[in-house]
Amino acid sequence: MNDWHKYLALPPEIAAYISTLEQSLPHIYGHIEGIASQNQVRVLNAFQELKVSEDDFNSTTGYGYHDAGREKTENLYALLFGGEKALVRPQLVSGTHAISCCLFGLLRPGDRVLSLSGPPYDTLHQVIGYKGKGDTGSLQDYQIDFTWEDVINPVKDRDAGPIKAILEKYQDDTSLKMAYIQRSRGYSLERPSLTVKDLEFLFQIVEEALPGRIIFVDNCYGEFVEEKEPLQVGAHLIAGSLIKNPGGGLAPSGGYVVGRGDLVDLAAGRVTAPGLGASLGPTLGTSRSLLQGLFLAPHFVGEALKSVVFAAALFSELGFAISPKSYEERGDIVQAILLKSPERVEKFCRAIQANSPVDSHVTPVPGHVPGYERKVIMAAGTFVQGSSLELSADAPLAQPYAVYLQGGLVYAHSRAAIAAAAAAVLR
Ligand SMILES: *Cc1c(COP(=O)(O)O)cnc(C)c1O
């Protein structure tokens with residue numbers, strides 16, 4: 001029954017570690033499957049409540065007026081994520097695009113945004129105008145200030161004092177319109193992901209110290225990891241990518257924005273044009289994939305979580321520093337593994353690529369990727385280009401040489417690929 005690794009010709013010490021792990025991991029997997037089961041029923045109930053039907057798979061072209069499938073999809077997102085309204089569009093090409101539409105849609109010249117989770121994810125740097133490169137249409141070019149503090153450690157310690165002290169500095173700042181929080185760790189070894197409980201603790205302090213400000217969450221990689229979502233504990237607006245968790249591996253493209261109705265309307269005015277907003281937007285044949293992907297998302301997020309837990313346990317067993325640990329609470333589907341050398345990072349990524357269903361014969365090399373300042377190496381032998389709910393690994397080719405592994409639609413596949421990556425790293 002447990003002979004799967006014989007097909008991989010693994011070195012005996014790795015096969016032995018895996019046999020040991022497979023005794024200890026099932027109780028962590030049981031916890032993950034419990035959450036997936038709850039979320040699966042929640043999604044099923046929403047599909048029933050909104051009477052999803054075959055007609056919703058029909059498509060529109062051109063302006064896309066009155067697209068029933070689009071409206072159904074958006075109502076499902078609003079219901080499942082706890083918002084008044086949602087915008088779910090294949091025209092949003094990425095999470096960065098969705099987040100950018102929220103920032104440009106909601107903010108006006110002279111406004112300020114305060115990130116509480118440190119600097120934002122790499123691809124947002126050019127959106128906000130960090131390390132500005134002249135006139136690019138960034139927030140900075142519109143005199144919108146994006147500044148940051150880092151309250152993640154006190155949030156994790158449930159220590160309100162230092163957070164209040166930081167927020168007090170901004171209390172009288174009438175230009176401050178938005179508190180911005182990134183749930184996932186991104187490409188960072190220093191910060192862990194925030195769980196929904198962490199977010200709830202933080203939002204209560206923000207509401208008290210900075211009343212009237214918009215609480216925005218970059219929800220990328222967090223969807224369906226827990227039973228609740230950020231809007232259900234006090235966020236006002238969230239955004240994310242459909243080629244990550246909520247697309248369930250099937251969405252061919254897209255992003256989402258969910259939250260308070262007036263805020264979603266403002267973001268929609270930026271996605272299309274002011275005055276057009278959410279009423280335009282053809283689905284171009286994507287509705288079936290978006291709906292089926294959403295239905296499958298809880299299960300695939302569970303597979304992805306089991307995959308990264310396996311990686312954490314195996315690489316920790318092999319002596320590498322990892323974050324989070326296999327048994328730690330998770331707020332996203334990302335696993336950081338500190339490989340400490342560029343050679344090991346390349347070997348890891350090449351092995352993941354070589355053990356992927358698509359482009360297994362291709363050798364990933366470090367290069368420049370739009371939106372990232374540092375050279376990155378990416379392993380993504382995926383059916384949807386760049387999809388990171390599918391098994392994928394990325395690493396900035398820079399100190400401290402950590403690799404970020406995420407996704408895995410099929411645990412049995414991820415486990416084999418991760419075992420092969422471990423063998424490659426040790427070789
Ligand atoms: C992936 C990601 C984004 C957006 O990235 P895209 O590649 O544009 O979808 C933003 N924030 C975080 C934390 C992410 O993980």
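Helices here are DSSP runs of H or I with at least four residues, strands are runs of E with at least two, and both are numbered from the N terminus. The structure is a predicted model.

## Central sheet

In general, strands of a sheet pair through backbone hydrogen bonds, in a parallel or an antiparallel sense. Strand 4 (residues 176-182) and strand 5 (residues 214-218) take the parallel sense, over 5 bridges. Within this pair, Ala179 has Ile215 of strand 5 as its bridge partner.

How many residues of strand 9 are buried? The count is 5 of 5, so strand 9 is largely enclosed by the rest of the structure. Buried means under 20% relative accessible area. Both faces are covered. Val334, Ala336 and Leu338 lie on one side, and Gln335 and Ile337 lie on the other.

Strand 8 and strand 9 run antiparallel and are joined by 3 bridges. Ile322 stands opposite Ile337 of strand 9. Strand 9 also runs antiparallel to strand 12, this time with 5 bridges. Here Val334 stands opposite Gln406 of strand 12.

Val334 and Gln406 turn up again in the lining of the second largest cavity. Tyr121, Gly186, Tyr187, Tyr221 and Asp394 complete that lining.

## Pockets and cavities

A search of the whole structure finds 2 cavities of 30 Å³ or more.

| Space | Volume | Lining by class |
|---|---|---|
| Largest pocket | about 920 Å³ | 17 nonpolar, 17 polar and 4 charged residues |
| Second largest pocket | about 540 Å³ | 13 nonpolar, 8 polar and 8 charged residues |
| Second largest cavity | about 40 Å³ | 4 nonpolar, 2 polar and 1 charged residues |

The largest pocket has a volume of about 920 Å³. Its lining counts 38 residues. Those closest to its centre are Ile243, Tyr372, Met378, Gln385 and Gly386. Which element gives the largest share of this lining? Helix 4 does, with 3 residues. Helix 4 (95-106), strand 10 (376-379) and strand 11 (392-396) each supply at least two lining residues.

The second largest pocket is lined by 29 residues. Nearest its centre lie Pro119, Tyr187, Ser188, Glu190 and Arg374. Tyr187 also belongs to the lining of the second largest cavity.

## Backbone details

Two cis peptide bonds deserve a look. One joins Ser323 and Pro324, with omega about -5°. Another joins Gln399 and Pro400, where omega is about 0°. Pro400 is placed in the loop between strand 11 and strand 12 (402-406).

Positive phi values in residues other than glycine come next. Lys51 has phi near 50°. Its place is the loop between helix 2 (26-49) and helix 3 (68-81). Is Lys51 buried or exposed? At 63% relative accessibility, Lys51 counts as exposed, because the cut-off is over 50%.

Gln143 has phi near 60°. This residue lies in the loop between helix 5 (125-128) and strand 3. Gln143 reaches 54% relative accessibility, so it too counts as exposed.

## Helix 12

Helix 12 covers residues 411-426 and holds 16 residues. At 1.5 Å a residue, it should span 22 Å. Its end C-alpha atoms are 22 Å apart, which agrees with that expectation. Helix 12 is mostly covered, with 13 of its 16 residues buried. As a general rule, an α-helix has 3.6 residues a turn, so residues three or four places apart point the same way.

Note on methods:
Residues are numbered from 1 along each chain as its sequence is written. This is a predicted model: local features need pLDDT of at least 70, side-chain atom pairs count only at pLDDT 80 or more; totals for chains, interfaces and linings use all residues. Side-chain values use heavy atoms; hydrogens and water are left out. On a 1 Å grid over the protein atoms alone, a cavity is a set of points where a 1.4 Å probe fits but cannot get out, and a pocket is an open set with protein on both sides within 12 Å along at least five of seven lines; lining residues have an atom within 4 Å of a point. Grid points are joined across faces, edges and corners, and a volume is the space filled by probe spheres set on the points. Ala, Val, Leu, Ile, Met, Phe, Trp, Tyr, Cys and Pro count as nonpolar, Asp, Glu, Lys and Arg as charged, and the others, Gly among them, as polar. Two strands pair if DSSP finds at least two bridges between them. Buried means under 20% relative accessible area, exposed over 50%, partly exposed in between (1.4 Å probe, protein chains only). The expected span of a helix is 1.5 Å times one less than its number of residues.
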